[in-house]
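Here is a short report on a two-chain model. It covers a helix packing and the contact between the chains.

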Amino acid sequence: MNARGLGCAALGVLPALLGAQQPMQAQPPQPPRDTTPPAAYYGVTEYQQARTKLAALMQRNGFTVYIVADMEGLAGVVRNATEMRPEARGGHDPTHEAFRKELADEVNAAIAGARAAGATQFVVNEGHGGTLFRNIHPEDLDPDAILIRGYPKPNVMETGLNPQVDAMFIIGAHANARTPGIISHSYAFDSFTVNGHVLNEAGIAAFIGGAMGVPMALAAGDNVLTAETREMLGDLETVTTKIAESRSAAAVFPPRVVQRQIRVAAARAVRGVRLGRIKPLRLERPYHVAFCTRPTFQAWVPEATGNLEGVARMAGDSTGRCFTYQTDSAEAVGNLLNEIEWIVLKP
Amino acid sequence: MPRLAMIAVLLCAPCAVLRAQTPAYTPPHLPPPHGFRVFIVPDMEGMGSAVDIHEVIAGNEGEQYKTLTSPDYWDHFRSLLTREVNATIAGARLAGARSFVVNEGHGGNLFANILPWELDTGAILVRGFPKPLIMVTGIDSTVGTLMFTGAHAGPGHPGILAHNFAFDTFTVNGKSLNEVGINALIASEYGVAVSLVSGDDAEIAETREILGAGFIGIVTKYAVGRMAAITFSPTLIRRMLRDSAGVAVRRAMRGDFTPFHLEKPYHVAFALRRSYPATVVAGVDSLSWSGLEKTAERSYRLTTDDARQMGYLLDAIERVVLH
């Protein structure tokens, strides 16, 4: 085992300590917990209807890029508890505002690069929950882009995604749970697989997009994220924004340099899709999904998760927090993720 | 369920500010217009980009609002709001309008959201609270056309921060009215017609059902939940407002828009929100309002020949709601 392997093993136990920094942190237990679904409070639009709404706004011809905008993988970001959330949600670091600007800058760089390679339409979906999916200041974003913001929303990171989209990008992405990446996690999970393929958040987005023929063409984040995503998805463009030294320390590259690299990689990504080099992730139907919720969560999280429609307890699981789910629809998996996210994130 | 109650209450931003008794004072008319007057009612829930309660509440509206603001967000959206109004004025001016009244329609920060020093210098701004006929304070027959920006859908619709004053249902002659509909009916007493409404897709669809398809509707965003939407660049929204306001003024000058018409007398029926405590119901019960009848636990009706009477009753009810 090399040093990294040892680091990996050591970090495996760290989530328990770092739990307090997780963006999808559990509320203190106050049973009995109200598990009313989001639609009852907020009238969340059914995911297929949301998809219809976005599809109706899209150009018939041209090349559309759908950008998932997360934050942990942005240039410079290392610490979740302060940098990734505003004061109103417990952050105490003015650099949060600077990172919101950095988010817009990196997304704008991706748009500029894609546009240079012929992309004509851009949809940006807020993917970071720190400010409940409202991180980009709307006026900082490239004016050509459609911006999906707010929470709760159907299929969190894939809201409105539809077959008319030509390519997906993920910016500010973070590495999978139980890896030594910066603020590494995956939704509310400790592990998540589809047909045995390990997927991180970028991989899940690629899976849902892939099922409708949309390839994940660009992922930007730390070295752990870019390496694991290439392993999961095969050929795609990646931009390494920083080298993780631990889950909250990194050798970071200058933001301006990262933005320039994103611009170049975005152009390559669009060309890669057009030439057929970058392909959608296709998995065999039916999809056998297996996942475990984080061990740091209180008991009500796996309990409520187990009660969701179609979710079954994993055979032979002694932890009580591992489940399986089988479906022919990748979007239904996205919807399931949304429901689990709601269980954890509910304000 | 306290959470449901809280959400219902917090969405009624205007209600918070209706505590003080309106003084027995009749303000003089606004200075008469030199040329075509446009009356603009900017609300915030339906403006471009806004999706969350924290973006439209200052936190000083009352006890229950304290935790519902995020100053960095609200400040930001005040500026965006002001620029939306400026764009509307700019478009209207290019089309020949010469007088502009802007009446704050959003209860955040006690109806004082627009930044006066950033507002177009040609506009008269009505801000603060309390004010008679809240959302149409200052309207009279000198107004050439009425525009609502940033409007939101009524309760029961999947629109961004959807609500309607203090009510779960509100009908006139059996027709369900949202806030735009109620104020359009009041404006019709002065012969003023609505020419432009901007808001999310739920709001525009709902308002077309109420007012008909005559007005110019601008969809600022497509709701995918009550606090999440597909939104567009503020630049694009301002361009749409500017262009549409110009078209609206030109058409209004030609008399293209007709005031909202319902048969008189108006049979007004409404139900207070289910989430309100019994004290609110008791308070409304004790209003000595001529002609107001109670028809069920939370339901009332009123018959009147003047939509303004309906407006004043609304003011009185809202004072009860949060007193």
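## Helix packing in chain B

Helix 3 of chain B passes helix 6 of chain B in a right-handed crossing. The model is predicted. Two packed helices are described by the angle between their axes and the distance between the axes. Here, helix 3 (residues 71-94) and helix 6 (residues 234-253) of chain B have axes that come within 7 Å. They cross at roughly 35 degrees.

From helix 3 of chain B, the residues in this contact include B:Leu80, B:Arg83, B:Glu84, B:Ala87 and B:Leu94. Helix 6 of chain B contributes residues including B:Pro234, B:Ile237, B:Arg238, B:Leu241 and B:Val249. By class, the residues of the contact between helix 3 and helix 6 of chain B comprise 10 nonpolar, 4 polar and 5 charged.

## Where chain A meets chain B

The contact between the chains draws 30 residues from chain A and 23 residues from chain B. Strand 3 of chain A gives the most, with 6 residues. The side of chain A that touches chain B holds 19 nonpolar, 6 polar and 5 charged residues.

## Strand pairing across the chains

Which strand of chain B pairs with strand 3 of chain A? The partner is strand 9 (residues 228-231) of chain B. The pairing is antiparallel and runs over 4 bridges. Within strand 9 of chain B, B:Thr231 stands opposite A:Leu147.

Conventions: Residues numbered from 1 in each chain as written. Chains lettered and ligands numbered in written order. Predicted model: local features only at pLDDT ≥ 70, side-chain atom pairs only at ≥ 80, totals over all residues. Contact = placed C-beta atoms within 7 Å. Helix = DSSP H or I, 4+ residues; strand = E, 2+ residues; numbered from the N terminus. Nonpolar A, V, L, I, M, F, W, Y, C, P; charged D, E, K, R; others polar. Pairing = 2+ DSSP bridges. Axes fitted to C-alpha atoms, helices over the stretch in contact; angles between N-to-C directions. Left-handed = near helix turned anticlockwise from the far one by under 90°.
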